[in-house]
Amino acid sequence: MKILVLNGPNLNMLGTREPHLYGDRNYESLCNMINGFASQKGIDVEIYQSNHEGCLVDKIQQAYGVIDGIVINPAAYTHTSVALLDALKAVSIPTVEVHISDVSKREDFRQVSYVRNYCEKTIAGHGFDGYIEAMDYLLQKYGG
Ligand code: DQA
């Protein structure tokens, strides 16, 4: 199965960025963890990060007909982007929303998620493991 892992703005700054919230491991170590799990489970994974909303929309559109499942951490665009929600609806690919931190316990403006209206499941507050849980969920449900 083919899974696309999408990461939004500032996630390339992991390790440096607010370590009390996001931990001290960097983006490369997140990618290594995702790639390690994928190769262990026979998943064909592509990982993409962008600080630009339109680039994330383009990547979702390009997944149409090619990708079986999407794991998305839209980062700050979670709380603002109708465009990402509409892109996910347009391609109709099973998608899981992931957040490293527990957004439910943070500021009011983080309580809204536009993509959640489309996503099958949301995993928040499980750190980097949330990405593995999301991939495993997609594998169990759509991998056969
Ligand atoms: C985040 C939570 C968002 O509110 C924030 O804007 C991020 C990261 C998370 O992974 O916990 O950039 O999506």
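Here is a chat about the sheet and the helix packing in a predicted model.

Visitor: What order do the strands of the open sheet come in?
Guide: There are 5 strands, in the order 2-1-3-4-5, and the pairing is parallel.

Visitor: And which strands sit at the edges?
Guide: Strand 2 (44–49) and strand 5 (121–124), each of which pairs on one side only. On average, neighbouring strands of this sheet are turned by 20° against each other, ignoring direction.

Visitor: How many bridges join strand 1 to strand 3?
Guide: 5 bridges, between residues 2–7 of strand 1 and residues 69–73 of strand 3, and the two run parallel. To pick out a pair, Leu4 has Ile70 in strand 3 as its bridge partner.

Visitor: OK, helices now. Which strands does helix 5 touch?
Guide: Helix 5 packs on the sheet and touches strand 1, strand 2, strand 3, strand 4 (95–99) and strand 5. Its direction makes about 160° with that of strand 3.

Visitor: What about helix 2, where does that lie?
Guide: Helix 2 lies across strand 1 and strand 2, and runs at about 165° to strand 2.

Visitor: At what angle do the axes of helix 2 and helix 5 cross?
Guide: Roughly 25°, with the axes of helix 2 (residues 27–41) and helix 5 (residues 129–142) coming within 10 Å. Angles under 35 degrees count as roughly parallel, so helix 2 and helix 5 are roughly parallel to each other. Their crossing is right-handed.

Visitor: Which residues meet there?
Guide: From helix 2, Leu30, Met33, Ile34, Phe37, Ala38 and Lys41; from helix 5, Asp129, Tyr131, Ile132, Met135, Asp136 and Leu139. By class, that contact of helix 2 with helix 5 has 9 nonpolar, no polar and 3 charged residues.

Visitor: Switching topic: where is Gly54?
Guide: Gly54 is in helix 3 (residues 53–62).

Visitor: Why is Gly54 called partly exposed?
Guide: Because its relative accessible area is 41%, and partly exposed covers what lies between under 20% for buried and over 50% for exposed.

Visitor: How far apart are Gly54 and Ala83?
Guide: In sequence, 29 residues; in space, 8.2 Å from C-alpha to C-alpha.

Visitor: So how do the axes of helix 3 and helix 4 cross?
Guide: At roughly 5°, coming within 9 Å, where helix 4 is residues 82–91. That makes helix 3 and helix 4 roughly parallel.

Visitor: And which residues of helix 3 and helix 4 meet?
Guide: Glu53, Leu56, Val57, Ile60 and Gln61 in helix 3 meet Ala83, Leu84, Ala87, Leu88 and Val91 in helix 4. The class count for the contact of helix 3 with helix 4 is 8 nonpolar, 1 polar and 1 charged.

Technical notes:
Residues numbered from 1 in each chain as written. Predicted model: local features only at pLDDT ≥ 70, side-chain atom pairs only at ≥ 80, totals over all residues. Heavy atoms only, no water. Axes fitted to C-alpha atoms, helices over the stretch in contact; angles between N-to-C directions. Helix = DSSP H or I, 4+ residues; strand = E, 2+ residues; numbered from the N terminus. Parallel < 35°, antiparallel > 145°, perpendicular 65-115°, else oblique. Left-handed = near helix turned anticlockwise from the far one by under 90°. Contact = heavy atoms within 4.5 Å. Nonpolar A, V, L, I, M, F, W, Y, C, P; charged D, E, K, R; others polar. Pairing = 2+ DSSP bridges. Buried < 20%, exposed > 50% of the residue type's maximum accessible area, 1.4 Å probe, protein only.
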